[in-house]
Structure formats: C-alpha cells, structure tokens
Amino acid sequence: MRKPTTANQLTEREKSRDSKKKMMKMIKGLTMVVFIGYLFLWVITPTYVFKQKWLVRVRAHTTSTYFGTQGPTMLLYTFPVLFMAVVGSVYLHLRKKANQNKDEGEKQATPDNLSIWRRPMIIKGLGIVSKIELAFFVMFIALIVWSFTTYLHVGFAKITQKSAAKKGEEVWESKLDSVALRFGLIGNLCLAFLFFPVTRGSSILSLFGLTSEASIKYHIWLGHIVMTLFTSHGVCYIIYWIVTKQTSEMVKWAKTDISNVAGELALVAGLVMWATTFPKIRRKMFEVFFYAHHLYIIFVVFFVFHVGIGYAFIMLPGFYLFMIDRFLRFLQSKGNVRLVSTRVLPCETLELNFSKSVGLQYTPTSIIFINVPSISKAQWHPFTITSSSNLEPEKLSVMIKSEGSWSRKLYQMLSSPNPIDRLDVCIEGPYGPISTNFLRHDTLVMVSGGSGITPFISIFRELVYTSETLKCKAPRILLISAFKDSSDLTMLELLLPSSGAPIEFSKLDLQIEAYVTRENQHAFSDKKSLTTVWFKPSPSDAPITPILGQNGWLWLGAIISSSFVVFLVSMGLITRFYIYPIDKNTNKVYSYGSRAALNMLLICVSIMATCCVGFWWNKKRNAMDSKQIQNMEGATPVSSPNTWFYNADRELESVPQQSLFQSTNLHFGERPDLKRILFEQKESSVGVLVCGPKKMRHEVANICSSGLASNLHFESISFSW
C-alpha cells in the first residue's frame, strides 16, 4: 500500500514542477525565436541586400580551411533546424516526464485558447483544413510568390541589350534563362520543407503539436509544388538550350559547375514518383505507388550532384532528420515481435494482440506499421492502435479490416478452419500525438463510418482508465457508428479488451447509436461468431519496446547532435588535409561530384554509427528490464464469450458486456441525422471527432463550421486499417 503524501513532499513536488514548467517555457520560447529567425532567413534570401552584402560578410568570417565555402551555408540553413530538433527533444522529454509524474486523480483538462482558429473549413483541392492551416498555407504561398518575384526583379535588373549581346542572345532568351534558374531556386525552397511531414518520430513536428500521420497532407501539397517548379525549371532550360543552339548542355556533367545530366536524372525520378501519386493511380495500383516512391533516394542523390553539396545544405536539414528516423525504423524492423492472439470477427476483420513492455507508452489514435514477411517482405502497412497503454500495460492491439490484397491474405491465413499456430510479424512504431486533451470537453461526440471506429476504441479505453482508475471526471461519450450490414456490428465488441481482468466503466456516461444502413432488420441465423486464435511463443520473438528506451526523446536529441558533430569533425579533417591543399577554397579544381559523394558518404556513416549505438544500447536495456514472456499455448476457443449482437437473448456473462449492450441503440435501414444529433448537444463544450468516408467527414465539418452552434469543436481524425 502506498504511503500518504506529506505536505512537505507536496510542496517539494510543486516547486519541482514549477521549475520544470519554467524551463519548458524557456526552451519552447527559444525554439520559437530560432524558428522565426529561420523563416525570416528564407524571406530575405532572394533579396539583393542579403546576397551582395550580408552573405558576403558572413562568408568572410566563416569560410575556413576546414569546411570551405559550404561552411556558411551549414551555419545559416542547417544548424538552426538541427538545433530546433535537439532542443525540441529536450522539451518533449521534460513534458513526457511531467505527464508521467502526475499523481493519480490529478489529471485534468487544459484550456484550448486556439479553439476558434481550429474551426474547420472545406477548401476545394485542399479538403478539410483549420483556419490555422489555411493561414500558414496562404503565408507559404505568399513566401513563394515573394521569393520568385524578388529573384526575377534582381535577375532582370542585370539583363540589358548589351549583356545579352555579349552572350550572343536576345534579351528574351536571357530572361528565359533567368526564369528557368529562378524556378529551380524556388523549388529548392519547397524541397527544404518536403521531408519534415514524413519524419515519423520527428521532435519538430511533436514540438508544434503535429503528427506525421496528420501532416502527410502537407507532404502531398509540397510534393505537387516541388515537382511543378522543378518541371518548369527543366522545361524552360530545354527550351532555352534549343533556341540558343546549346543542346550539348543536356549531356554536360561539369567537373566544377552545375551538372545538367544529374539534374535531368533527378527530374526523371521525381516525375515517375509524381505520376504515381495521383488518386486514380494510387488507389488502383497502390503497390506501384509504394515501390515508385523509393526513387526518392535517386532523386535526392542526383539533386545533390546537380547543385553541388555546398548549395544542397540549404535543403539537407529536413532530409538529414528523415534519414535518422528512417534508419532507426530500419533497425527496429529487423526483429520479430510477440503476437499473442487474434480475434477473428465475422465481418472480415481482425484484432491482433501483441505483447509489449510496460514501459512502452503511447497516446490514443497512435498508429503502428506492420510487416508480415510470409505475405510480403517489402510491404509495410499502417494501422491505428485500439488498445490503451494505461489500461492494458502489457498488450498492444490493432484492428485490421480485410479491404486490400494484403489484408485479405492475412485474414484468410488467420480465419481458416485450421489456422496457423505462429506468425512472424515485424513492426515500426508506435507513432502518435505527444498528448491528447479530450478532458477539456463536457461531451465527446464520436462519429464513425465502418472501420472508422478504430481510433475511437483507443479513446474509449483511455477514458475508461481515466474515470475508473484515476477517478477523474470524464466527458459524456456519444458514439455514432454507421455500418453497411449487421455483421459489422461486431466491431463494437472491440471496445472491450480481449483478455485480462474485466474492466468496469460504470462511472463513464456512454451512449452508442449504431446504424445498419443496408439492412431493414437484424439477421441472426447465418452469422458466424467471433473466435479467438492463440499463437505459440518463440524464443526469437520479443515484446514491443520503445525504440530508444524510456528516455527516447533525449536519446534522439543525442543522436542528432552527436551524428552531426561526427560528420563535422570527419568532414573538417578531410577538407583541411585533403581537399584544401588541392583546391585552396577556389571551387575550381576539386570535383563537385567527388566532394558531394564524400559528404553524402560521411553523413550516412555518421548517422548509421550513432543510431546503431543508441539502438543497441537501449535494446540491451530493454531486454534486461523486460519480463519473461509466458507460454500462452492453448486450445483455440470456438467462440467468443461476448457475441451478443448475434444472440441478443442469450445470458450476458459479465457486467461490462451487459453495460455495453444496454448503452447501445440499434437502427436498421437508415443513416444518422448528424445535423439534428449534433445540434441537440447543449453542453458548453462539445468535442466532435469524425473518422470515416470523405463525404461523412465533410458533412460533419460543414455542420461544425456553420456558426449555428458555437459549442461544437471539430476534429477530423486520420486512421489506418
């Protein structure tokens, strides 16, 4: 039994928390200052004053025999981003510890001062965006327009009849050359931000309250802009070379200048990727899209060869962080994880239950990437986690709906009359928001369509833990779920965990409105029941553990900083004692291609070395701290004890199941009247979460943004199944 906390201990804890809060505010404030300065740098980059005065002074003071002319670029464009990533990691570590150290029952809601700016808007071509997102999007487009027009203004000012005649060109031909170059410069600006949204374990995204899954739309927007600009860059130069009779430039790979061949190869790789991203191709041929996207390696490598490593350091910071994240994911994916059991639902849906370490914490709506080598060694698919790391400390669950070819094969393997007794599974993750704040609402209205119920299962289980274990007041829950047929109703059974001690949610005000849209009445006779399949353990399997241990954010900051220091030291020594004696910082002797290859090699080696040290150190610690996995081999039950949707008049076997059944209203042959239901919610703060088809999400967003009910606070949740 835990000893009661004394007044002195409470005072010490309060002082400690206050000091941590002050430190966190200072760190976040410092990061914001650096971030604003970084954005300001991009604003002034195209100006004449920056290029001809400020940059000249910076280069005069920072160009050295150790880093050459690429030193100033690293200082201005690379260092600020990596600094934010490292400092952000420290901030996230402190925030995580502050959340973990809260006393039971102390968890409470925090106000959302930006609720007005989070209201949804539906913009054609962009989908559902908040006012904050729209504002940043408009500002980014303004930055692009400003940079392009400023570059043109500065460039055109130098073009005269005399200057064009010296090159044997017409004025318009010289201006076409200038426009082509400026398209490339603006494309590089967008490329600098392209890889931030797809860095799944990014401290920068988490620092700004974003997740990779929710930010993927920014990557899509930026990708379209980047390829539009780079395609314009390439097409304009091809036209310029043709009209000026310089077609030989197309096959030029200069030793100490721009390599046109490398740029063309990068552009071709980019165009192949771009062509597969359009919805019709991506949806019908997802595997083509998936494999084509691995051309990003060729794209980046030849881009660096094209522009030279000195200029490439402008865009490399985002890619540098992506490389660290990608290699850590590669290390994590090499081992098999312990798959304990699966629940097979009659609606062609699976719930996979994995063993996990108690120290692995994640928030509701987090996702995990799964690979089953027996189906495909190359394919990784994201799935939303349905379990709660607080309610189920030793188990992690995901729901998989049989929709695509990969998930259908998995369902067939596990639902056959003679299912396999063991399955090799590899994972990456989990990834999710750094925190959630559902407690700030009086009511949570969760609207789902089909398998869109998946993220709400984890939210429900987390609120059960909050109300039953922490004894906190949780918001009233109204779950509105629409299904095609009655077999899909078994998804609601996943609200309750599959095993362990029965959970209670008597303190939770729950109401479920389930709609079956394609049936007019409940059918019982030909429905199969839910079954549970148990798997044999293997000595090679391990529970899912944090990739960098309990202090993962600190380790990430250490890896980012130490890898970059290793690169700087090694590159500095090579430049000073090998390249400088040859080139003397003139950039006219030593090959651009050799310098770029050497830098890329050192970056890769530095990242791989430091990531391996951090990963294997924490893997060893996790192995020491993990409990022995108990053998769970046993007979496969023929049915589930909670299949009440197909036997409504049977005896209910537990209080939670009975409570869930009594909280559910079934509606057949109709769709939910979402406008009426939402407007009926009269509480002062109603959180509206929606996950499902695009039409449903847009309908709910329109209702919440109509201004007819100021108490509705909309949030669209992305999910993977």
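**Starting from Ser402**

Leaving out residues up to four places away in sequence, Ser402 touches Glu348, Ser407, Arg408 and Tyr411, where contact means heavy atoms within 4.5 Å. The structure is a predicted model, in which local features need pLDDT of at least 70 and side-chain atom pairs count only at pLDDT 80 or more, while totals for chains, interfaces and linings use all residues. Residues are numbered from 1 along each chain as its sequence is written, and side-chain values use heavy atoms, with hydrogens and water left out.

Ser402 sits in the loop between β7 (395-401) and α15 (405-415). Helices (H or I, at least four residues) and strands (E, at least two) are DSSP runs, numbered from the N terminus. With a relative accessibility of 9%, Ser402 counts as buried; buried means under 20% relative accessible area, exposed over 50%, and partly exposed in between, with a 1.4 Å probe and protein chains only.

The chain as a whole comes next. The protein chain has 21 helices and 15 strands, and 51% of its 721 residues are buried. Of the contacts between residues at least 6 apart in sequence, 79% join residues at least 24 apart. The accessible surface of the chain is about 34,400 Å², and 61% of that belongs to carbon and sulfur atoms; such areas come from the Shrake-Rupley method with a 1.4 Å probe, and for residues only the protein chains shown count as cover.

The UniProt record, in an unreviewed entry, places the feature "transmembrane region" at residues 29-50, 74-94, 128-148, 179-199, 220-243, 258-276, 553-578 and 598-617. UniProt positions are given in the numbering used here, feature names are shortened, and annotations may be inferred rather than shown by experiment. In the model, residues 128-148 are 86% helix and 14% strand, with their end C-alpha atoms 28 Å apart. Residues 598-617 are 100% helix and 0% strand, and the end C-alpha atoms of this span lie 29 Å apart.

Helix α3 (residues 70-100) contains Tyr77. Tyr77 is buried, at 4% relative accessibility. Apart from residues up to four places away in sequence, Tyr77 touches Tyr38, Leu41, Trp42, Thr45, Phe50, Phe313, Ile314 and Pro317. With Thr45 there is also a polar contact, side chain to side chain, at 2.8 Å. A polar contact is a pair of N or O atoms within 3.5 Å; within protein, one must be able to donate a hydrogen and the other to accept it, and residues adjacent in sequence count only if both atoms are side-chain atoms. Tyr77 and Leu316 are 239 residues apart in sequence, yet their C-alpha atoms are 8.7 Å apart.

Helix α4 covers residues 131-156, and at 1.5 Å a residue its 26 residues should span 38 Å; the end C-alpha atoms are 37 Å apart, which agrees. The expected span of a helix is 1.5 Å times one less than its number of residues. Among the buried residues of α4 are Glu133, Phe140, Tyr151 and Gly155.

Further along, Ser174 is found in helix α6 (residues 171-194). Ser174 is buried, with a relative accessible area of 7%. Beyond its neighbours within four places in sequence, Ser174 is in contact with Ile159, Ala164 and Glu169. From Ser174 to Ala164 is 10 residues in sequence and 6.2 Å in space, C-alpha to C-alpha.

The loop between α8 and α9 holds Lys245, which is exposed at 74% relative accessible area. Its phi is near 55°, a positive value in a residue other than glycine. Ser259 caps the N-terminal end of α9, with a side-chain oxygen 3.4 Å from the backbone nitrogen of Ala262. The buried residues of α9 include Asn260, Leu267, Met273 and Trp274. What covers the buried residues of this helix includes α8 (212-243), α11 (286-292) and α12 (296-307).

Strand β8 (residues 426-431) contains Pro430. A cis peptide bond joins Gly429 and Pro430, with omega about 5°. Lys584, in the loop between α17 (552-583) and α18 (592-625), has a positive phi near 55°.

The cysteines remain. A search of the whole structure finds 0 disulfides, a disulfide being a pair of cysteine sulfur atoms within 2.5 Å. Cys612 is in no disulfide, and the nearest cysteine sulfur, that of Cys611, is 7.1 Å away. Cys612 is partly exposed, with a relative accessible area of 26%, whereas Cys347 is buried at 4%.
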